[in-house]
Every structure is written in structure tokens, then in C-alpha cells.
Amino acid sequence: MVALIAKDPPLAARVLKAANSVSFGMAGTVGSLSIACVLLGMKRIARLAANASAFRTPPAGASPRDALWTHAAACAAVCEFLGRQLNQNLAAEAFVTGLIHDTGITVLDAVLHQDFESILALAAEERLPLHEAERRVLGTDHAQIGAWLAGAWNLPPQIAGALSAHHGPPCDPAEAPLGAALQAADAAARAAGFGFPRFAPPPESEKIPALPLLAGDARAWGGILALAAASAAEAGEFLAAVAKAAPPSQGA
Ligand SMILES: [Fe+2]
Ligand SMILES: [Fe+2]
């Protein structure tokens, strides 16, 4: 069950939100999908999966959304790997952090769709990072929106902090390990060809956020890129299978 939820970033966000709800009595403590699933149980999760909402975007057939999902999958795998390198106990939270780090984009797409289309067009036209185009159009960006949501959902503060910082100045691995792992994972996903939007990045410059985490092992960067690509490919296969089973008709 955890493996299936982990393939679906919007559902993962909903599961974490529910597990951290005040009414559930575990406010602010659950940053792991495994623990969230144990707490909520199969029936409750089935209800979450079945209930359409603004956060349940069609999984396939709409290219930007496919790209966002494969990007999230790549980030989650790398963030988990790097989180574990920094601290064995960080792996589960790091995976979740990578998986939901661009939740703010999903929300913008669902709630301010026209603005989001303009933002995508501006980013494509001027080859801007998405968060910069968002700031120009909206005065804020998906990192801040995602962090605000994580706070509103009572997710652990270190996850909200990592979301908030993921397009900011470099995080110090000693002070903000989740933030540092996420910045490196986000860069690795882009360098592996699974950024969002999918503009071609200069791969060597993307390596920079990961350097403090590689412990001087230059070969590790290649392994990280391979991990990102494998996870994105798996997510792509999942999306294709879902599209085949149920053509995208649900709106969001
Ligand atoms: Fe982002
Ligand atoms: Fe990202």
C-alpha cells in the first residue's frame, strides 16, 4: 500500500495531511508514509484515494502534470538516498519531502489555473525557473505555498522548512539536512532530464547543491543521476498503466 501511495504525490500529500490532522490526535508528528498508513488504516486511505479533490489531478494525458509527477518521483528517490546518507533516521521523511516538495505547483494549477498557464508560458518564453516566473506573476512562489500548506496540515516543521527553502540559498547539511537533501535531489532530477518544466539544464552546474553531500566521491553524482532516472521511468510506467486502465477524464 505504501509503495502505491508513494507513486501518487497528490494522494501522498492527502494521506500525510489526514495523519497529521488535529482530530486524529497525532498533530505535527508524522512525516513518514509508512507511519501515516498504519495510523490511518486501509479503509480511511481507500476513502482518501476515492474522493476527488483539487489535489487529485489527472495522472496522465496532460504533459505538464506527467512531467511534475515524474519529477516528484525522481526527487523522492534521491532525497531518500541523500537523507539516509546524512542520518539513517531521516530516510522516510526525506522521501516524503521529495515526493511532495512541489505540491505548491499542483495547488496553483488547480486553484489559479489561468495564472498557472500564464506562468508556464512566461517560464518557457524567457527560459525562467518556474519559481521566478511565479514571483513575477503572483508575487509569491510554489515553495512558499507548499510550505504554508505543510504548516496548515501540521506536517513536521522540518518538512515545511525544506519545502520553503528548496529554491532559496543553499541549505547547510548540518543545520538543515532535509533542506540540503531536497535542494540536491531537485537539482539531480533536473540534471537527469526530469525537471519541471522540462527545460534542459546545464548538468554540471546542477551538481553544485549536491557537493556537500557527496563526501568527495565524484562517482556518487553519476549514481544519483541514475537513481533519479530509474525512479522517474518507473513513475512514467505507472502513469501509462493508469492512463491505459482509466483514460483521463476527471477534471482538476
Ligand atoms: Fe520547486
Ligand atoms: Fe522540484
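First, the conventions. Residues are numbered from 1 along each chain as its sequence is written, and chains are lettered from A and ligands numbered from 1 in the order in which they are written. The model is predicted, so local features need pLDDT of at least 70 and side-chain atom pairs count only at pLDDT 80 or more, while totals for chains, interfaces and linings use all residues.

Confidence next. pLDDT is the predictor's confidence in each residue, from 0 to 100. The chain averages 85, and 88% of the residues score at least 70. A contact here means two C-beta atoms, placed from the backbone, within 7 Å. Where pLDDT is low, the predicted coordinates should not be read in detail.

Now the overall content. The chain has 13 helices and zero strands. Both are DSSP runs, numbered from the N terminus: H or I with at least four residues for helices, E with at least two for strands. Of the contacts with a separation of 6 or more, 64% are between residues 24 or more positions apart. Buried residues make up 47% of the 252 residues. Buried means 20 or more other C-beta atoms within 10 Å of the residue's own, exposed means 12 or fewer, and partly exposed is in between, with C-beta atoms placed from the backbone.

On the α9 side the contact uses Ala143, Gln144, Gly146, Ala147, Ala150 and Gly151, and on the α10 side Ile159, Ala160, Leu163 and Ser164. By class, that is six nonpolar, four polar and no charged residues.

The buried residues of α9 are His142, Ala143, Ile145, Gly146, Ala147, Leu149 and Ala150. Their cover includes α6 (103-111), α8 (130-138) and α10.

Asparagine 154 counts as buried, with 20 C-beta neighbours inside 10 Å. Arginine 127, in the loop between α7 (113-126) and α8, also has a positive phi, about 50 degrees. Arginine 127 is exposed, with 10 other C-beta atoms within 10 Å.

One more backbone point: the peptide bond from phenylalanine 196 to proline 197 is cis, with omega near -15 degrees. Proline 197 sits in the loop between α11 (177-191) and α12 (203-206).

Last, the core. A nonpolar core is a set of buried Ala, Val, Leu, Ile, Met, Phe, Trp, Tyr and Cys residues joined through C-beta atoms within 7 Å. The largest one has 73 residues, of which Val78, Ala188 and Ala228 touch the most other members. Helix α4 (residues 63-86) gives the most to this core, with 12 residues. Beyond four places in sequence, alanine 188 contacts Val78, Glu206, Ala210, Ile224, Leu225 and Ala228.

How values were computed:
Nonpolar A, V, L, I, M, F, W, Y, C, P; charged D, E, K, R; others polar.
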